[in-house]
Amino acid sequence: MMNHTPPVPDACSTLSIAHGPAAEPTRVLARFEEWARRAPQSAAVIDGARTWTYQELDTAAADVAAALRERVRPGDLVGVCLDRSTALVVTAVALARLDAVYLPLGPRPGERRTQAVTEDLDVACLIGDPGVLPEGHRAGEHFPLPLPTDGVNAPSAVVAAFAASGRGARRAPEGALYAVLTSGSTGRPKAVAVAEASLSVALDWYRAETGLAPGDRQSLLIGVAFDPHLLELWAALTSGAALVPAPDDTRWDAQVLTDWWRDTQVTVSVAATPTVEPLLDRPWPTGLRLSHLFVGGDRMRRRPGPDVTATVHNAYGPAEATVITTTHAMRSTDAQAGEHSPPPIGTPLPGVTVVVTDHDGRPVARGQDGELRIGGHCLALGYLDPELTAHRFTVPPEEPALPAIDRLYRTGDRVRMSADGSLEFLGRLDDQVKISGVRIEPAEVEAAFEQDPRVRSAVVTVLRDSSGHARLVAHVRPADGTGPAAGDLLAAVRAWLPEQAVPATVRFVDGYPLDANGKVDRIALAAQAQAHGSVPEAAVGTDDLADASPTERLVLTAVRDLLGRPGTGLDDNFTDAGGTSVVAARLLVVVERATGVRPRARDLLRSTDLRAFAALLDQRRTPHPAGA
């Protein structure tokens, strides 16, 4: 028998460097227009009871573009304050036609946050319901836009609003298709701009991976302020498939989400990890047409079971690298199906290069931890702040050479690359944290509190429960002579921050522990909060569990545990107490398991307080007499 000598591995096979397959950018808008010509009567958007054909959508976008053309120039930033709806889809296509830059702000952007964006950035106008616009745009020039006002999440009226005051200084770089906001350590959000070419590469891969085609239905489920909704929107429109906007309830309740998938016959969907994880803890729903489910935004803590009929893709990617950078596909036939262990974030998409580096930017050996850096067609053009772009988008290492890679984006994420080139996500290297799938800079949250004259200073820490879910705690030093209530401070910061960045708890302190360098010791501060149960001294509940009914005890105990706020009382409103969409979804699961009653998110949100919510559960559990 002849001895076989294995080939000598090259440098990249032993170092933590991996390249996706080759890719070439294509066009995005042109592919939509091609479908509008090839299949004008095919469904483009199925919005509640109303179906829009490709021809109707194309015509509506042309009308909106014509209405804006005299005031919106190529390269102008346009802030879009709309929810998932046909109106949003028409707006996105119209702005692409104008070569304007789509800047999604979401349907209910905080007034202060929106004002900060328009002060920093050269935003030509805002598009949305006049009632949600910041004061400067409410007082400026408005003209109505011919946008649809029917379907789920539809606006009652839409205007293009031009501010009476001057516009900010920063424009989008040339060639940008869209820009999205990410959390900023300065206390003000920062915008990152992405070119059509970068999005096209991700879309080409997505269509090939899913087989998305005419007859398929793609969800429009992700919140509009976050960039994955752009992948959903354009994936459908560039494949001849139908886009299906999701009602707001689907964000809060995993059961509502699966019912919606079934009722709308969605075949391909994108969803946040915290929304999907409860589904993996129960038998997979029957009757779904769902064939592909992309999950991302947070660390996935278990693998789908063998009963899951859809291929589940664990996706990773920062906004600076165009939505998706790496993925790992999981199927029911996998040997590891159902294991309670985090799956990898996978291997790079076409046109993507990933490198795991040490502190100095040198690639580490496979199997070693390091910072993930990303290069290739996926990279954004950069931030609208050139200094920040220069800091985060760096030159590649000289050795080994990376052909055709002229920039690498520093993610700040700690990862490990296995021998086969797959990546394992290990956490963050900096102060950023992910809450409900959204990257949050604690410094931005602190700055929002410190805008309040009643606050002398604020420090934000992160607490995690036994399952690894994170929540924010704000440690506030009140200004001399003030005695603010925790609820009042939380209400004030909601005008500055997205929902996920609003802390669950405000804890009043006289001072902060310091480390050996004289800096605030955040670890010690978080330990203090953990020891005290994260209870805001001004918000300790007065109700006694001993006097509560069994259902009231169930609800109150669950809310206190999920929020980490033992002081929460039955007279507290869920949202005011720090409840978010993800916490609501977990609470509904707890309630259903304990009572057999499956409440909807709207039941919780419409209840004046937790006592009223418990009373509603009792009412639904009580059998009615025959004939009643």
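Is R97 buried, partly exposed or exposed? R97 is partly exposed, with a relative accessible area of 23%, where buried means under 20% relative accessible area, exposed over 50%, and partly exposed in between (1.4 Å probe, protein chains only). The model is predicted, so local features need pLDDT of at least 70 and side-chain atom pairs count only at pLDDT 80 or more, while totals for chains, interfaces and linings use all residues. Residues are numbered from 1 along each chain as its sequence is written, and side-chain values use heavy atoms, with hydrogens and water left out.

R97 takes part in a salt bridge with E33, at 3.0 Å from N to O; a salt bridge is a side-chain nitrogen of Lys or Arg within 4 Å of a carboxyl oxygen of Asp or Glu. Because R97 lies in helix α4 (residues 86–97) and E33 in helix α2 (residues 29–38), the pair ties together parts that are 64 residues apart in sequence. Helices (H or I, at least four residues) and strands (E, at least two) are DSSP runs, numbered from the N terminus. E33 is partly exposed, at 23% relative accessibility. In total, the structure holds 29 salt bridges.

A further salt bridge is formed by the side chains of R71 and E141 (3.0 Å, N to O). This pair links distant parts of the chain, 70 residues apart: R71 is in the loop between α3 (54–68) and β4 (77–81), and E141 is in strand β7 (residues 141–144). R71 is partly exposed at 35% relative accessibility, and E141 is partly exposed with a relative accessible area of 43%. The side chains of R416 and D369 also meet in a salt bridge, at 2.9 Å from N to O. Since R416 belongs to strand β22 (residues 408–417) and D369 to strand β19 (residues 369–376), the pair ties together parts that are 47 residues apart in sequence. Relative accessibility is 26% for R416, which counts as partly exposed, and 35% for D369, which also counts as partly exposed. Salt bridges that share partners join D259, R262, R598 and R600 into one network.

The domain assignment of the protein chain gives domain 1 (28–330), domain 2 (350–428), domain 3 (443–532) and domain 4 (550–621); such bounds come from an automatic or database domain assignment. The centres of domain 1 and domain 2, taken over C-alpha atoms, are separated by 27 Å. In this pairing, 28 residues of domain 1 are in contact with 21 residues of domain 2, contact meaning heavy atoms within 4.5 Å. About 1900 Å² is buried between domain 1 and domain 2, and carbon and sulfur atoms give 67% of this area. Buried area is the accessible area (1.4 Å probe) that two parts lose on being put together, summed over both. On the side of domain 1, R299, Y316 and E320 lose the most area to domain 2, together 27% of what that side buries.

One salt bridge is counted between domain 1 and domain 2. The side chains of D385 and R170 meet in a salt bridge of 3.6 Å, N to O. Between domain 1 and domain 2 there are also 10 residue pairs in polar contact (both at pLDDT 80 or more). A polar contact is a pair of N or O atoms within 3.5 Å; within protein, one must be able to donate a hydrogen and the other to accept it, and residues adjacent in sequence count only if both atoms are side-chain atoms. The elements that give two or more residues to the side of domain 1 that touches domain 2 are β9 (176–182), β10 (190–195) and α7 (196–210). Of these, β10 provides the largest share, six residues.

Helix α8 (residues 228–237) is mostly covered, with nine of its 10 residues buried. R302, placed in the loop between β14 (292–296) and β15 (311–316), is buried with a relative accessible area of 11%. The side chain of R302 reaches the backbone oxygen of L280 at 2.7 Å, and a polar contact of 3.2 Å joins the side chains of R302 and D281. E552, in helix α15 (residues 550–563), is buried with a relative accessible area of 13%. Apart from neighbours within four places in sequence, E552 is in contact with L570, R611 and A614.
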